[in-house]
Amino acid sequence: MSMDWMARAVPQTAGLYPYVPGKPVETLLREKGLSRAVKLASNENPYGPSPKAVIAMQNAAAGVNRYPDGDANLLKEALAAFHHVNRDQLLLGNGSNEVLDILIRTFAGAGDEVVFSSRGFIVYALAAQAAGATSVSIPEADGLTHDLDAMAAAVTEKTKVVCVANPNNPTGTLHGNSALQAFLDKLPRNVVVIIDEAYYEFVADEQGDSVHELSHPGLVISRTFSKAYGLAGCRVGYAIADAQIVALANRYREPFNLNLLAQVAAVAALDDREWVMARVADNNSQRERLESALKTLGLLGGRCFGNFVLLQHSQCAEILRRLEDRGIIPRPLAPYGMADYLRISVGSAEENSEFLQGLNLILAELQE
Ligand code: PMP
């Protein structure tokens, strides 16, 4: 008789499931027998990383027989100077995903509560579940925007961590610093509050300097090199927080969690401001283009900040299938209870044209 391993796994495993990423290009090519595809499913940077980051990785590649610097000193120095913070306030992760996971595991366990928005980034729920903590999921007042008042009201003595995605993925909503500060002021001082700013660079002008404008003892600001910096495949994220919060979280961090190539790439990418600002401008103008095209079609699912847009239609499953038939990969939002929405990452000008042409043809087909 085969063993029932679920009975042996830690209890929270039963309520856990693996994160479902955007469909990889290779998978779609295999499924559909296509030779090329456009992936607009994972909010990646379509332009690639800074050429300086690529050169830095090439120069470092032959040295990967050595372990990387486990403290990522050069990257910490660069980030500390960039943000005007102390290096001991920086927690580095294999993607900001790991940063979020480590922080939740450090502060929340069985019997503790983690508060987040129902349609907030799904990793908060997964990390809370993996930690054995209780998820407190607060519905959005309008279906899209974090209800900050309701989230603050849900905080109890058991609450250890509160997570706010700003801008949120997948709903694309943004709260300004004054709304966030009013929210922070309502929270107990001993709660860890993660403001997940994975898309910050795209909204820096609207948002201002959250690192220095927001204040709360438990404030953690999380950022990533995966989006505007174009280094999603390298996996580099970081958080800025109170030094003791960082020191505690570091106890859960795996040794050498930032690989050698990721470290040199991030240092070079951070240094190439001109490149990242130009890509942010490209993204934001292409996002406006996609939003106005969707608006004209009557399909705009809401105003999105970041590098993605929302398409709303009652036949999203069918539109998804037909887009994939054409080699275009959007992200279905059924896992967020948003079956009428597709999330479309902002691609390059050519990719967006291909998407819009495909969408127009599909809409015409559906009307036949
Ligand atoms: N936070 C948000 C809101 C995200 O959308 C993502 C990526 N989709 C992440 C965090 C994690 O990104 P990464 O691990 O690549 O830094």
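**Ground rules**

I'm working from a predicted model, where local features need pLDDT of at least 70, side-chain atom pairs count only at pLDDT 80 or more, and totals for chains, interfaces and linings use all residues. Residues are numbered from 1 along each chain as its sequence is written, and side-chain values use heavy atoms, with hydrogens and water left out.

**Entry 1: the largest pocket**

I noted a space of about 490 Å³ for the largest pocket. Its lining has 28 residues, and Y19, S42, F121, K227 and R235 are the closest to the centre.

My working terms come from a 1 Å grid over the protein atoms alone: a cavity is a set of points where a 1.4 Å probe fits but cannot get out, a pocket is an open set with protein on both sides within 12 Å along at least five of seven lines, and lining residues have an atom within 4 Å of a point. Grid points are joined across faces, edges and corners, and a volume is the space filled by probe spheres set on the points.

Helix α4 (residues 96-107) gives the most to this pocket's lining, with 3 residues. Helices (H or I, at least four residues) and strands (E, at least two) are DSSP runs, numbered from the N terminus. I also see at least three lining residues from each of domain 1 (20-48 + 274-367) and domain 2 (51-271), with bounds from an automatic or database domain assignment.

**Entry 2: cavities**

I count 2 cavities of 30 Å³ or more. Strand β2 (residues 90-93) supplies the largest share, 3 residues. By class I get 6 nonpolar, 4 polar and 4 charged.

The second largest cavity has about 60 Å³ of space. Among its lining residues are E44, Y47, F202, R279 and V346. That lining has 5 nonpolar, 3 polar and 2 charged residues.

**Entry 3: nonpolar cores**

Which residues touch the most other members of the largest nonpolar core? L103 and F225 do, in a core of 90 residues. This core takes at least three residues from each of domain 1 and domain 2. A second, separate core has 21 residues, including V38, L299, L311 and I362. A core means buried Ala, Val, Leu, Ile, Met, Phe, Trp, Tyr and Cys residues joined through side-chain atoms within 4.5 Å. Buried is under 20% relative accessible area, exposed over 50%, and partly exposed in between (1.4 Å probe, protein chains only).

I checked F225's contacts (heavy atoms within 4.5 Å). Not counting residues up to four places away in sequence, F225 touches residues including L75, L79, Y238 and L270.

A cis peptide bond joins N166 and P167, with omega about -5 degrees. N169 and P170 are joined by a cis bond too, with omega about 15 degrees. P167 is in the loop between β5 (159-165) and α7 (177-186), and P170 is found in the loop between β5 and α7.

N43 has a positive phi, near 50 degrees, and is buried at 0% relative accessible area. F256 has phi near 60 degrees and is partly exposed at 37%.

Definitions and conventions: Ala, Val, Leu, Ile, Met, Phe, Trp, Tyr, Cys and Pro count as nonpolar, Asp, Glu, Lys and Arg as charged, and the others, Gly among them, as polar.
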